[in-house]
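My notes follow the structure below.

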Amino acid sequence: MEQIPILKVGRCLLVSIQIDMHDKLAMALQDDLTQKLVETRARGVLIDISALDLVDSFIGRMLSNIAAMARVLDAQTVVVGMRPQVAITLVELGLTLTGIQTALDVDRGLALINRLIDAEGEDGAGGAH
Amino acid sequence: MVQVERTSTLEVRTPEDVVKVRQEVRKRTAAVGFSLVDQTKFVTAASEIARNTIDHGGGGRAHIETIVLTGKRGVRLVFEDQGPGIADIKLAMQDGYSTGGGLGMGMPGSKRLSNEFYVESSPGKGTKVTLVRWKSS
């Protein structure tokens, strides 16, 4: 069965979407990530979409859902590598990607996640206030 | 009079079919010479309407045409289903209106991503959505 691999790197889960996902696969990724967050107690999720040549409302909603679920599980989500033409299209489509932080590339995304985690405190006390 | 240079027809019944529609629209718009931004806009519009065809229309067909009008070239997409139809097209075209639990961006967003956008539907008679995008000169 098709599956998008999820890697644990330090305090983070790293996902790189390399294929044109159909909706069921996007839903499966959402579920897998939530599961992995619980299992690994990761504090951050980094999603690399540099290989995606399209983000439509379904994929956009999936990204927002992942960020919302991660938030509830005390983790930060950063989406990196959005192509310029995808960003232009998203805005015209009317999607705002609520609750999602973005960075230009994986390096900057990891740095951002680490800053966000550190700002909250290592023990996850951020969820308490 | 619009001339049709090439047509392909794809079934739109499963999530995998939506991906096939996206790939075919990408190929066609690239062949006509759309810029990368314009390709992406139209492929995204196609993806939204193809999903509607499945979620609201119970599946149907997509006709993907390369068209010419007075020297201008473009791509026309026609999505047809035999589903329940749209009771209030005006309402369906409003940002944020959804009956399917989605974001309500599909129809109005796809219209913004197209140069021409037509919806023909009545309750019980299915739905036909036509999208056209011309190559910008």
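**Entry 1: helices across the two chains**

I looked up the crossing of α3(A) and α2(B) and found that it is right-handed. I note here that the model is a predicted one.

Next I listed the residues that make this contact. From α3(A) they are A:Gln85, A:Val86, A:Ile88, A:Thr89, A:Glu92 and A:Leu93. From α2(B) they are B:Leu36, B:Val37, B:Thr40, B:Lys41 and B:Thr44. I sorted the residues of this contact of α3(A) with α2(B) by type and got five nonpolar, four polar and two charged.

I then turned to the geometry. Two packed helices are described by the angle between their axes and the distance between the axes. For α3(A) and α2(B), which covers residues 36–55 of chain B, the axes come within 9 Å and cross at roughly 45°. That angle makes α3(A) oblique to α2(B).

**Entry 2: the whole contact between chains**

How many residues does each chain bring to the contact? I read 18 residues from chain A and 23 residues from chain B. On the side of chain A that touches chain B, α1 (23–40), α2 (57–72) and α3 (84–93) of chain A each supply at least two residues. Which of them gives the most to that side? I found that α3(A) does, with six residues. By type, the residues of the side of chain A that touches chain B are six nonpolar, five polar and seven charged.

**Entry 3: a helix pair inside chain A**

I checked α1(A) against α2(A). Their axes are 10 Å apart, and the helices pack at an angle of about 10°. Angles under 35 degrees count as roughly parallel, and α1(A) and α2(A) are therefore roughly parallel to each other.

On the α1(A) side I wrote down A:Asp23, A:Ala26, A:Gln30, A:Leu33, A:Thr34 and A:Leu37. On the α2(A) side I wrote down A:Phe58, A:Ile59, A:Met62, A:Asn65, A:Ile66, A:Met69 and A:Ala70. The residues of this contact of α1(A) with α2(A) divide into nine nonpolar, three polar and one charged.

**Entry 4: chain A as a whole**

I counted four helices and five strands in chain A. Read from the N terminus, the order of its elements is β-β-α-β-α-β-α-β-α.

For the overall dimensions, I found that the C-alpha atoms of chain A fill a box of roughly 40 × 30 × 25 Å along the principal axes. A compact globule with 129 residues would have a radius of gyration near 14 Å, and chain A agrees because its value is 14 Å. Of the 129 residues of chain A, 36% count as buried.

Last, I looked at contacts in chain A between residues at least 6 apart in sequence, and 79% of these join residues at least 24 apart.

How values were computed. Residues are numbered from 1 along each chain as its sequence is written. Chains are lettered from A and ligands numbered from 1 in the order in which they are written. This is a predicted model: local features need pLDDT of at least 70, side-chain atom pairs count only at pLDDT 80 or more; totals for chains, interfaces and linings use all residues. Two residues are in contact if their C-beta atoms, placed from the backbone, lie within 7 Å. Ala, Val, Leu, Ile, Met, Phe, Trp, Tyr, Cys and Pro count as nonpolar, Asp, Glu, Lys and Arg as charged, and the others, Gly among them, as polar. Axes are lines fitted to C-alpha atoms, for helices over the stretch in contact, and angles run from 0 to 180 degrees between N-to-C directions. Angles under 35 degrees count as roughly parallel, over 145 as roughly antiparallel, 65 to 115 as roughly perpendicular and the rest as oblique. A crossing is left-handed if the near helix is turned anticlockwise from the far one by less than a right angle, and right-handed if clockwise. The radius of gyration is taken over C-alpha atoms; the globule rule is 2.2 Å times the number of residues to the power 0.38. A residue is buried if 20 or more other C-beta atoms lie within 10 Å of its own, exposed if 12 or fewer, and partly exposed in between; C-beta atoms are placed from the backbone.
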